[in-house]
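Hi,

Here is the structure I promised to pass on to you. Have a look at it first, and my notes on its charged side chains follow below.

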Amino acid sequence: GMNAAVRAVVRMGIYVNAKVYFIYEGYQGMVDGGDNIVEVSWESVSSILQVGGTVIGSARCKPFRTREGRLQAAFHLVQRGITNLCVIGGDGSLTGANLFREEWSGLLEELAQKGKIDAEAVKKYAYLNIVGMVGSIDNDFCGTDMTIGTDSALHRIIEVVDAIMTTAQSHQRTFVLEVMGRHCGYLALVSALACGADWVFIPEYPPEEGWEDSMCVKLSENRARKKRLNIIIVAEGAIDCHNKPITSEKVKDLVVQRLGFDTRVTILGHVQRGGTPSAFDRILASRMGVEAVLALLEATPDTPACVVSLSGNQAVRLPLMECVQMTQEVQKAMDEGRFLEAVRLRGRSFENNLNTYKLLSHKKPDAELPKTNFNVAVLNVGAPAAGMNAAVRAAVRVGITEGHKIFAVIDGFEGFSRGKIKEISWGDVGGWTGQGGSILGTKRTLPAKYLEKIADQMRTNNINALMVIGGFEAYLGLLELSAAREKYDEFCVPMVMVPATVSNNVPGSDFSIGADTALNTITDTCDRIKQSASGTKRRVFIIETMGGYCGYLANMGALAAGADAAYIFEEQFDIRELQANVEHLTEKMKTSIQRGLVLRNENCNENYTTDFIYQLYSEEGKGVFDCRKNVLGHMQQGGAPSPFDRNFGTKISAKAMQWISKKLKETYRKGKVFANTDDSVCLLGMRRRNLVFQPVAELKSETDFVHRIPKEQWWLKLRPLMKILAKYKTSYDVSDSGQLEHVAMLPKEAETGAI
């Protein structure tokens with residue numbers, strides 16, 4: 001994702017009329033000067049969005065650690081009049097940048113004394129502004145939920161795990177996987193959560209004394225339950241509670257000696273750093289890059305050097321040194337054996353991941369489980385979305401842990417009315433996280449025409465609560481069920497909805513399960529299409545995406561794939577705009593970038609269809625470019641869920657089930673559950689920084705029911721971003737950009753939607 005950040009910084013810089021320079025090979029290039037510092041143009045960053053690594057190179061640099069080296073570096077910057085630095089790197093690079101900034105005026109004075117620069121230059125370039133972006137696959141930087149590159153590394157790990165699972169299942173093998181993370185267990189933890197690993201070793205949370213026994217017991221129990229494979233994930237920096245390393249070899253030997261299982265070790269190594277960046281990383285890095293340029297423009301000598309980062313779904317700016325100090329605090333806590341403190345310092349999203357993993361991976365013996373005598377039904381409604389199964393798995397397992405009986409409903413409300421309902425156990429949902437589509441089966445049918453039959457089934461099976469995982473139909477379904485409460489007491493039970501649809505069109509939530517997977521599919525396809533165009537020169541592709549009336553996939557897909565335009569329903573367009581786009585592409589073909597990419601949401605306009613736009617472009621572009629069209633269709637609903645969707649589905653669903661337990665306790669009176677208030681029918685959604693339960697009745701006013709979309713959508717603020725990066729003149733609304741905040745140590749109760 002570093003290249004996406006580089007591209008965004010360059011283009012936003014040029015957009016605000018700044019001169020932009022590349023410094024090749026990191027600080028080494030700054031120290032060496034010469035050809036390593038080059039002014040760049042708009043076209044310099046074309047076609048780098050889909051490339052892994054970084055095109056400007058990166059290097060560890062010894063000389064920059066010395067004052068002499070930094071003196072050289074300062075001289076080379078002043079020569080070119082550079083006083084704004086954007087640094088993309090880990091905490092080492094950022095600490096170095098901060099030191100450089102603090103020494104800057106001293107360095108200039110020294111250069112003046114040595115006669116290398118004149119007094120005029122010392123005055124003119126008196127201050128150095130710095131803004132950092134954190135690029136690190138370990139996600140080990142405090143103050144930011146996601147660092148650039150983490151999501152892509154998770155993609156690599158999950159691809160490998162999915163592939164290993166098929167071979168391990170065939171051979172009844174145990175696999176020990178070693179993933180990167182010398183000091184931070186984020187990758188290990190999240191990949192364990194995303195693939196339902198049996199055991200995970202991370203540096204922040206060493207296993208208790210006697211872990212060898214408990215692990216072997218767990219593995220042999222799984223075998224006894226006919227589970228054919230065991231997966232153990234080890235972070236390379238894993239330790240035990242005496243700070244002694246736990247290596248993948250050690251774990252393997254233990255399993256072989258004690259259990260005699262056929263066990264193999266796979267060390268993923270540098271695979272995790274490579275490959276194409278995921279859609280999430282490209283969008284994150286593009287947002288951060290633009291934010292970084294804005295932060296530099298607003299920087300004054302008195303503002304501290306800052307990092308731009310993401311909190312939940314919100315861009316924020318944080319003082320660089322506060323983040324670095326907190327990151328170092330974590331290491332100190334681990335060295336001193338204060339592991340609970342280390343986990344807390346890692347931040348709320350890390351803590352959430354750990355707690356969810358502990359909840360879902362180990363089943364307590366039946367004797368230790370509470371018995372509530374409540375029955376909870378889980379169903380999928382709407383079109384299939386990748387990640388639904390991960391959500392069902394989490395709901396089932398959390399529900400069982402809370403002491404309920406969980407019933408699975410097959411084929412949505414329609415199946416419910418026909419009595420397709422059965423109890424589902426802990427083991428039944430094993431291995432579900434990586435499966436695409438909906439294993440329970442899902443239908444778009446709404447409950448209104450089956451109310452009586454559904455009420456019968458709820459009475460027959462004594463269902464005390466409902467959990468619905470699905471898209472816009474699930475939301476409509478809950479509205480219908482709550483409206484039917486006057487007539488049927490059976491519906492006076494707690495009901496919760498978890499949003500899952502590729503369209504991301506459910507009111508009350510910024511994200512829905514399945515949208516990230518669809519976005520990756522679109523991005524991958526666009527990458528391939530762009531590649532095919534690079535061979536033929538001067539070709540424009542029109543690509544139609546799904547989403548109903550919601551332009552999320554088209555807009556975000558365009559941002560992630562580096563498209564020239566995206567037509568969406570939410571932003572009306574006319575023939576003049578189409579004409580302007582054609583002219584824009586005609587101009588573009590005169591440069592060295594001879595291809596175009598245009599995305600169109602399937603329902604953006606009933607008359608300007610994909611065919612119409614294709615024919616218009618073909619006619620208007622005659623002699624300049626030729627045109628091809630591509631309708632992506634249902635491939636956007638399929639595929640294995642992305643790490644984000646597995647993780648998001650798992651966490652949001654676990655939280656929804658805990659809410660059900662709480663509501664069941666509150667509404668249990670005189671031997672039965674009776675809930676008829678608005679706040680007993682909720683949608684759990686992610687809003688900016690938090691996961692919030694919202695009564696569906698209150699969301700009605702926020703919904704456009706005709707077009708099945710929320711009236712206000714956060715991602716529309718990112719539209720200008722896409723246009724700027726595609727070289728359109730547009731006004732960028734800065735009101736939503738981050739203000740400088742402080743790194744907060746969160747109180748332990750703070751609930752969050754950090755992913």
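**Notes on charged residues**

D411 is buried, with 16% relative accessibility (buried means under 20% relative accessible area, exposed over 50%, partly exposed in between, with a 1.4 Å probe and protein chains only). Its side chain meets that of K420 in a salt bridge, 2.9 Å from N to O (a side-chain nitrogen of Lys or Arg within 4 Å of a carboxyl oxygen of Asp or Glu). K420 itself is partly exposed at 33%.

Before you read on: this is a predicted model, where local features need pLDDT of at least 70 and side-chain atom pairs count only at pLDDT 80 or more, while totals for chains, interfaces and linings use all residues. Residues are numbered from 1 along each chain as its sequence is written, and side-chain values use heavy atoms, leaving out hydrogens and water.

A search of the whole structure finds 35 salt bridges. Another of them joins R317 and E298, with the closest N and O atoms 2.9 Å apart. R317 lies in strand β10 (residues 314–319) and E298 in helix α10, so this pair ties together parts that are 19 residues apart in sequence (helices, H or I of at least four residues, and strands, E of at least two, are DSSP runs numbered from the N terminus). R317 is buried at 6%, whereas E298 is partly exposed at 41%.

K363, partly exposed at 27%, pairs with D366 in a salt bridge of 2.7 Å, N to O. You will also find a network of salt bridges linking R67, R70, E103, E110 and K114.

Enjoy exploring!
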